[in-house]
Every structure is written in C-alpha cells, then in structure tokens.
Amino acid sequence: MKNMNNTTEEKYNTGSNNEDLKGVVFNIQRYSIHDGPGIRTTIFLKGCPLSCLWCQNPESQSLKPEIFYNAEKCIGCGRCIAVCPEKAITMHDGKAVTDRRICTGCGACTEECPEDARELAGKYMTAREVFNEAVKDDIFYKRSGGGITLSGGDPFAQSDFSTAILKLCREAKIHTAIETCGYASWKILEKMLIYVDLLLYDLKHMDSGKHKELTGVPNDIILDNVKKIWHILHIPLFIRIPVIPGYNDSLQNIEASADFIAKELDPSVQTNILPYHRLGESKIVQLERPEIKLAASPPDEHYMLYLKEIMEARGLQNVVIGG
Ligand code: SF4
Ligand code: SF4
C-alpha cells in the first residue's frame with residue numbers, strides 16, 4: 001500500500017537521467033515574484049560568458065565557488081590562514097588577504113572565521129538536490145501559476161546541469177523559466193530549451209561594438225539566437241533590458257531595441273525595462289575586484305516612464321517597467 005506520509009520529494013523521485021550531475025549554485029531564492037509568472041523559486045547558477053560592467057551578481061561570473069571577504073568585520077586573528085590548505089591567505093596590515101588565483105573555494109576558512117568575515121559564494125549540488133529544494137514549494141506554484149526559474153550567471157554556462165534540473169521539473173509538471181543573456185551555441189541552446197516553458201531574454205545594447213565594450217562580447221550571436229528561438233522554436237519569451245544611465249539608456253539605443261523587438265520578433269512581446277540598482281556594488285568590494293569600475297546611478301523614475309513611452313511609440317504593445 002502506498003505510504004500516505006511520503007514527502008513531496010519522494011513523490012517526485014522518478015529516477016531521471018543525470019540527476020546525480022553536480023553543478024555550482026550560489027543561491028536558491030524562494031517566493032520570487034519578479035522572475036516569471038506566479039510565485040517561483042529562482043535558482044542562481046554560477047558561470048557567465050559575459051562580464052557586464054553593471055552586473056548585479058558579480059559572484060556569478062566565475063564558475064567556481066568564491067570567497068566574499070568583509071574587511072570591516074575582520075579582526076585579524078589569523079585563524080583562516082591556519083586552516084587554508086592552499087596557503088592562499090596572508091596577513092597585511094591586520095587584514096586577511098586572499099590570493100584568488102590559488103584559492104579553490106573549499107570553504108574551510110569560512111567555517112573557521114569567528115566574525116563571519118568570510119562567506120562562500122557557490123556550492124556544489126546535484127540536480128536532484130536542487131530539485132528537492134525547489135519542489136518544496138510546489139503547492140505555491142500550482143496555486144499561483146508559478147514554477148522555477150534558472151538564473152545566474154547564465155544557465156547555459158552549466159548546460160548539462162541546467163538541463164538535468166529542468167528535466168526533473170518537466171517530469172513533475174512544474175513550469176520552468178530561464179533568465180539568459182543568450183550567448184550560447186545554437187546546438188547547446190536547442191537541446192536545453194526542449195525543457196523550458198518561458199525565456200527571460202536580455203538585450204543589453206544594440207550596437208555590437210558598444211556591447212563588446214560593456215559586456216566583453218559582441219551581440220550578433222545573441223540577436224541571431226533570439227530570432228531563431230522566436231521563429232523556429234516558438235518558445236514564449238519576455239525581453240529584458242537593463243537600463244544603465246550613461247551606458248545603454250540613450251534614445252538611440254532604446255529606439256533601436258524597440259525596433260528590433262517589433263520588426264524581428266513581434267510587437268506583442270512583453271518587454272521589461274529594468275532600472276539599474278546598486279546591489280552589485282558592495283559585492284564587487286567583497287570579491288576584491290577593483291578592476292570593475294562602474295560610474296552609474298539608478299535612473300530617474302520619470303526617465304523610465306519616458307523610455308516606456310518611446311518604446312510604445314515605436315509599436316511595442318507590452319512594455320513593463322521593472323521585473
Ligand atoms: S576557500 Fe579554501 S582555498 Fe580559498 S582561501 Fe578559504 S580555505 Fe583557502
Ligand atoms: S578568521 Fe576571519 S576575522 Fe580572523 S583573520 Fe581570517 S577573516 Fe579575519
């Protein structure tokens with residue numbers, strides 16, 4: 001007789017292929033309402049082929065786990081130095097300095113630090129473990145029309161791992177969405193998108209040279225991919241445009257973005273314009289990456305409304321401010 005006390009996890013334990021595949025996850029955020037329809041669990045994966053100057057999650061760019069170091073909390077006790085197996089930490093002026101070229105992200109120092117000055121961004125999990133976390137909120141997904149969203153970083157950077165999670169969700173009839181910058185080979189993209197119900201697709205800049213300057217890569221693959229996704233795979237998508245004052249918020253770029261969506265995709269495609277916020281800036285300090293220098297402030301509310309009007313005037317029918 002079936003055990004009526006089965007957990008939700010056991011109910012969905014279907015023995016899917018590749019469920020033991022491991023990947024690096026840096027956050028699992030429950031009750032998200034900005035990453036697709038309904039109430040969702042957003043799973044943030046490490047690894048991204050872009051390095052946008054305004055990245056809100058700079059800890060997502062590298063594939064490996066990394067240390068956040070809060071120098072203000074550090075009391076210079078040296079306990080982290082004693083436990084580091086790689087000898088990656090040295091003391092300078094009473095502060096524990098990490099050589100990030102040799103740090104493996106093992107996390108030993110984070111457990112030893114008495115002041116919580118060190119925190120690990122990213123841990124290895126199997127696809128099944130991620131799914132088991134996500135499925136805990138299945139009841140909310142069903143009631144609200146929600147589901148899970150893979151974000152990052154970019155889910156294509158760990159495509160086999162992402163696919164394994166998406167497959168488990170599909171088997172459990174959980175709605176799946178991914179947030180992507182779209183910079184992936186068509187072969188990888190096509191294989192993974194079989195298991196995706198909705199794409200949240202970023203457009204950062206319409207000028208390829210400027211795109212390369214701001215994100216590290218040109219935009220041709222990104223624009224080609226989104227056209228093929230829309231016209232060949234017919235997967236529902238929302239376009240998302242981060243608005244970064246002084247970088248991509250010129251009228252010329254906003255109009256070019258609107259024209260691309262209206263002419264190459266469809267004027268009815270939901271387009272979210274996302275005002276820049278400063279959440280990533282303190283993380284850059286704690287990751288000790290002074291090479292990332294962004295001089296931007298969040299855009300004015302009125303300017304966002306103006307950009308929405310501009311896009312609507314170019315024919316777009318569904319422009320939303322915010323996520
Ligand atoms: S995460 Fe591991 S390798 Fe890196 S500094 Fe800490 S103890 Fe050393
Ligand atoms: S263990 Fe923590 S408080 Fe002590 S030196 Fe290392 S980072 Fe600083």
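A salt bridge here is a side-chain nitrogen of Lys or Arg within 4 Å of a carboxyl oxygen of Asp or Glu. By that rule, 2 salt bridges cross the interface of domain 1 and domain 2. Lys46 and Glu66 form a salt bridge, their closest N and O atoms lying 2.7 Å apart.

The model is predicted, so local features need pLDDT of at least 70 and side-chain atom pairs count only at pLDDT 80 or more, while totals for chains, interfaces and linings use all residues. Residues are numbered from 1 along each chain as its sequence is written, ligands are numbered from 1 in the order in which they are written, and side-chain values use heavy atoms, without hydrogens and water.

Domain 1 covers 8-62 + 126-321 and domain 2 covers 66-121, with bounds from an automatic or database domain assignment. Their centres, taken over C-alpha atoms, are 32 Å apart. In the contact (heavy atoms within 4.5 Å), 8 residues come from domain 1 and 8 residues from domain 2.

The two domains bury about 820 Å² between them, and carbon and sulfur atoms give 51% of this; buried area is the accessible area (1.4 Å probe) lost on putting two parts together, summed over both. Gln286, Leu287 and Glu288 supply 65% of what domain 1 buries against domain 2, more than any other three residues.

Around ligand 2 there are 13 residues, of which Cys74, Cys77, Gly78, Cys80 and Cys113 come nearest; a residue is near if one of its heavy atoms lies within 4 Å of the molecule.
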